[in-house]
Amino acid sequence: MGAVFIWDETSTGARRVLTGRTGGVSRGPWAGLNLGLHVEDDEADVRENRRRLAAAVDRPLVYMEQCHGAEVAVVDGVPDVAPRCDALVTTSADLALAVLVADCVPVLLADPTGVVAAVHAGRPGLLAGVVPNAVAAMRDLGARELDAVVGPSVCGRCYEVPAAMRDLAADVEPVSATVSWTGTPAIDVAAGVVAQLRALDVAITWVPGCTREREDLYSYRGSGTTGRFAGVVARAS
Ligand SMILES: [Zn+2]
């Protein structure tokens, strides 16, 4: 399995992976390592891709039923049904947490005490505060020195929106208001997420790369029917 970016055993002792399209068995518009089950790809292919990712990180993966909200689920095992939420938190070293994206912002949080989280932050999640909620949940579990890897997402110039939508985002995080490649209103969701993390004293590694402009990542805005890549975080065992 090919990962686009890997941090292994960082200062927080966490393992974090961001996958790309390479290394998977999906075909057609999902070609590559599509990890999304709900994007009309062949289910057997997605299961094989998920099996390969779990083997690569050497532990079972917990996925979410992501819904663009602000709910956080704390897990200590693999649930029978994926929790309906947009942030997963665990203190278990026997699990890996996964967030699936194709333009939204994947945020992988860790702390030296062994609390980790995977967060799905799109435009609605930015406005709803899913990232601050996840940070609060981690601190409730004892996290003190959080650091975040913010993965690739659609960039501000590629995310044109109606002016009213940009204004709503600007009300929550002013730095998220920007302009597109043609100068029309746009939103930089990742910049807003980074501002939220910074305001909460979380150290940040922001991975460069726009999903819509890179061939090795999935982009919903770029392709419509397409796959999902993953951000994965786990405690070091
Ligand atoms: Zn872009």
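How many bridges join strand 7 to strand 8, and in which direction do the two strands run? Strand 7 (residues 105-110) and strand 8 (residues 116-121) are joined by 6 bridges and run antiparallel.

## Basis of the description

The structure is a predicted model, in which local features need pLDDT of at least 70 and side-chain atom pairs count only at pLDDT 80 or more, while totals for chains, interfaces and linings use all residues. Residue numbers start from 1 along each chain as its sequence is written.

## Overall architecture

The protein has 6 helices and 13 strands, where helices (H or I, at least four residues) and strands (E, at least two) are DSSP runs numbered from the N terminus. Its radius of gyration is 17 Å, close to the 18 Å that the globule rule gives for 237 residues, so the protein is as compact as a globular protein of that length. Here the radius of gyration is taken over C-alpha atoms, and the globule rule is 2.2 Å times the number of residues to the power 0.38. Taken along the principal axes, the box filled by the C-alpha atoms is roughly 45 × 45 × 30 Å.

Of the 237 residues, 49% are buried; a residue is called buried if 20 or more other C-beta atoms lie within 10 Å of its own, exposed if 12 or fewer, and partly exposed in between, with C-beta atoms placed from the backbone. Contacts require C-beta atoms, placed from the backbone, to lie within 7 Å. Among contacts between residues at least 6 apart in sequence, 62% join residues at least 24 apart.

An open sheet of 6 strands has the order 4-5-8-7-9-12, with mixed pairing; two strands are taken to pair if DSSP finds at least two bridges between them. Strand 4 (72-74) and strand 12 (203-206) stand at the edges with a single partner strand each, so one side of each is left without a neighbour in the sheet. Neighbouring strands of this sheet are turned against each other by 15 degrees on average, direction ignored, where axes are lines fitted to C-alpha atoms, for helices over the stretch in contact, and angles run from 0 to 180 degrees between N-to-C directions.

Strand 7 and strand 8 form a hairpin with 5 residues between them, and Gly-114 in the turn has a positive phi of about 100 degrees. Within this pair, Val-105 stands opposite Ala-121, and the bridge partner of Leu-108 is Ala-118. Ala-118 also stands opposite Leu-88, and strand 5 is joined to strand 8 by 4 bridges, again in an antiparallel arrangement.

Strand 8 is largely enclosed by the rest of the structure, because 6 of its 6 residues are buried. In a regular strand the side chains alternate between the two faces of the sheet. Val-116, Ala-118 and His-120 point one way from strand 8, whereas Ala-117, Val-119 and Ala-121 point the other way. Helix 3 (residues 130-140) lies across strand 4, strand 5 (87-90), strand 7 and strand 8, and runs at about 170 degrees to strand 8.

The largest nonpolar core has 71 residues, and those with the most contacts inside it are Leu-97, Leu-109, Ala-117, Val-119, Ala-134, Val-193 and Val-233. Such a core is a set of buried Ala, Val, Leu, Ile, Met, Phe, Trp, Tyr and Cys residues joined through C-beta atoms within 7 Å. Not counting residues up to four places away in sequence, Leu-109 touches Val-116, Ala-117, Val-119, Ala-134, Met-138, Leu-146 and Ala-148.

## Asp-188 and helix 5

Asp-188 lies in the loop between strand 11 (185-187) and helix 5 (189-199), and counts as buried because it has 26 C-beta neighbours inside 10 Å. Residues up to four places away in sequence aside, Asp-188 touches Cys-155, Gly-156, Ser-176 and Thr-178. Asp-188 and Val-154 are 34 residues apart in sequence and 8.0 Å apart in space, C-alpha to C-alpha.

## Two positive phi angles in loops

Asp-201, found in the loop between helix 5 and strand 12, has a positive phi of about 60 degrees although it is not a glycine. With 9 C-beta neighbours inside 10 Å, Asp-201 counts as exposed.

His-68 likewise has a positive phi of about 60 degrees although it is not a glycine, and is found in the loop between strand 3 (61-62) and strand 4. With 16 C-beta neighbours inside 10 Å, His-68 counts as partly exposed.

Notes
Contact = placed C-beta atoms within 7 Å.
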